[in-house]
Amino acid sequence: MPIKVLAFSGSPRRHGNSETLLDWILDTLRTEGDVEIDKVILVDANVNPCKGCNACEVLNKCIQRDGMDVLHDKIIDADVIILSSPIFCMGICSQAKALIDRFQVFRSRKYVLKLPVVPPERKGKRIGIFLSTAGQNWDHVFFGAIPSVKCFFHVIDVKDSDIRYLMVNGVDEKGAIAKHPSAQRDAEQLAREVISDIRARLAG
Amino acid sequence: MSARVIGISGSPHRHGNTETLLDAFLDGAEHAGGSVEKVILKDLVYTPCRGCNACHKDGECIVNDEALPLFDRILLADCIAVASPIYSMGITAEMKGLIDRAQFIWARKFILKTLYFTDDHIRRHKGLFISTAGLSWDNVFDAAFPAVTAFFNTMGFEYYDNIIANDMDRWKGIRGHPTALSAAHAKGQEVVEVIARLDLA
């Protein structure tokens, strides 16, 4: 069985800093033979915001018919889920927030209907990665993003301790991350750690 | 001149907890003599920021949709109330989509330096964040504050106060909350009176 990696690039700007950071991770993962990668460009994925109707608390599914119909099963099937988003105005970009809010269907399944989100044999094995870049170089520039990211992973049965973070500040203009002293090395290192971790978990 | 108050409702559904709290605030503001306007974001045709940074060159947004006239109205207001429920520990995607579009104003201030709000201007322009959350956690609003703070800074408003109420699930909605609606009404009155006093000063 290949290791399934599902990666969301949340930025509206193609091939910018946060997507480049993601690509470095994916390029490293790709060198492993047994990895199947699905990269989703969120602006092209037709994921509308949550309507807040709470129908999923009863129906166990979303009433909206859009790109989430395709993504739903992929999210459940993935062993590694990656979300990358730039910081806009001290938070994740609205495109990524829309995806996070649509995970309400998983939240309802888990906490309201008390149904499993992933099959029991895969519970507690999944790993999440949050990648982010910000133009400002303040340390606290990512603080507003993290609680929503935790929600995103918790409701799909990725435990808090199984979320890995790589957040790079002080990169604004397109391509700035390529000049960052450690970002690429950190991304490649993270990818290698995650792949050996998930491989051990799936074997165990 | 009466204070101009603009309330922006970022909830995807109408007349829910957050919009009801906003209504109480706007009622209070009107009661004190403010002229109030409510904008329902979900009825507005606008797209999120594309992150293209074209505005860094000329301070103009290349996406010509209904967000732009709204920004004109916000810049003319004396008081803005940003109202959004908490979804997944943050403001809604609709509200974040609007806030991100303020990048062209930010570019005027910090890149082109064609826009400058004096301390006096900022003191006379008040921003309030109105929110509700289902969860009871004390920290449920914390991740929303940085984006709202950034938005008020960009738009030249002092962050005046929050009108927030958590634990909606327990109170069975905002109308079941013992103090939130009356506090919002009082805050609406207060802020209009404060702006009126500043105008005389």
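**Entry 1: the model.** I remind myself before anything else that this is a predicted model.

**Entry 2: where the chains touch.** I started with the contact between the two chains. I found 28 residues from chain B and 28 residues from chain A in it. Then I looked at which helices of chain B take part. Helix H4 (93–101) and helix H7 (145–155) of chain B each supply at least two residues to the side that touches chain A. Which of the elements gives the most to that side of chain B? I noted H4(B), with 6 residues. I also sorted the side of chain B that touches chain A by class, and wrote down 15 nonpolar, 8 polar and 5 charged residues.

**Entry 3: H4 against H4.** Next I turned to H4(B) and its partner across the contact, helix H4 (residues 94–102) of chain A. Their axes come within 8 Å and cross at roughly 175 degrees. An angle over 145 degrees counts as roughly antiparallel, so that is how H4(A) runs relative to H4(B). I listed who meets whom: Ser94(A), Lys97(A), Ala98(A) and Asp101(A) on H4(A) face Ala93(B), Lys96(B), Gly97(B) and Asp100(B) on H4(B). By class, the residues of this helix contact come to 2 nonpolar, 2 polar and 4 charged.

**Entry 4: a helix pair inside chain A.** I stayed with helices and picked H1 (residues 17–30) and H7 (residues 183–203) of chain A. I read an angle of about 45 degrees, with the axes 8 Å apart. Because of that angle, H1(A) and H7(A) are oblique to each other. Is their crossing left-handed or right-handed? I have it down as right-handed. On the H1(A) side I marked Leu21(A), Trp24(A), Ile25(A), Thr28(A) and Leu29(A). Among their partners in H7(A) are Ala183(A), Ala187(A), Leu190(A) and Ile195(A). The contact of H1(A) with H7(A) divides into 9 nonpolar, 2 polar and 2 charged residues.

**Entry 5: strands in chain B.** Strand S1 (residues 4–9) pairs with strand S2 (residues 35–40) of chain B in the parallel sense, over 6 bridges. I looked up what stands opposite Ile8(B), and found Val39(B) in S2(B).

Note on methods
Residues numbered from 1 in each chain as written. Chains lettered and ligands numbered in written order. Predicted model: local features only at pLDDT ≥ 70, side-chain atom pairs only at ≥ 80, totals over all residues. Contact = placed C-beta atoms within 7 Å. Helix = DSSP H or I, 4+ residues; strand = E, 2+ residues; numbered from the N terminus. Nonpolar A, V, L, I, M, F, W, Y, C, P; charged D, E, K, R; others polar. Pairing = 2+ DSSP bridges. Axes fitted to C-alpha atoms, helices over the stretch in contact; angles between N-to-C directions. Parallel < 35°, antiparallel > 145°, perpendicular 65-115°, else oblique. Left-handed = near helix turned anticlockwise from the far one by under 90°.
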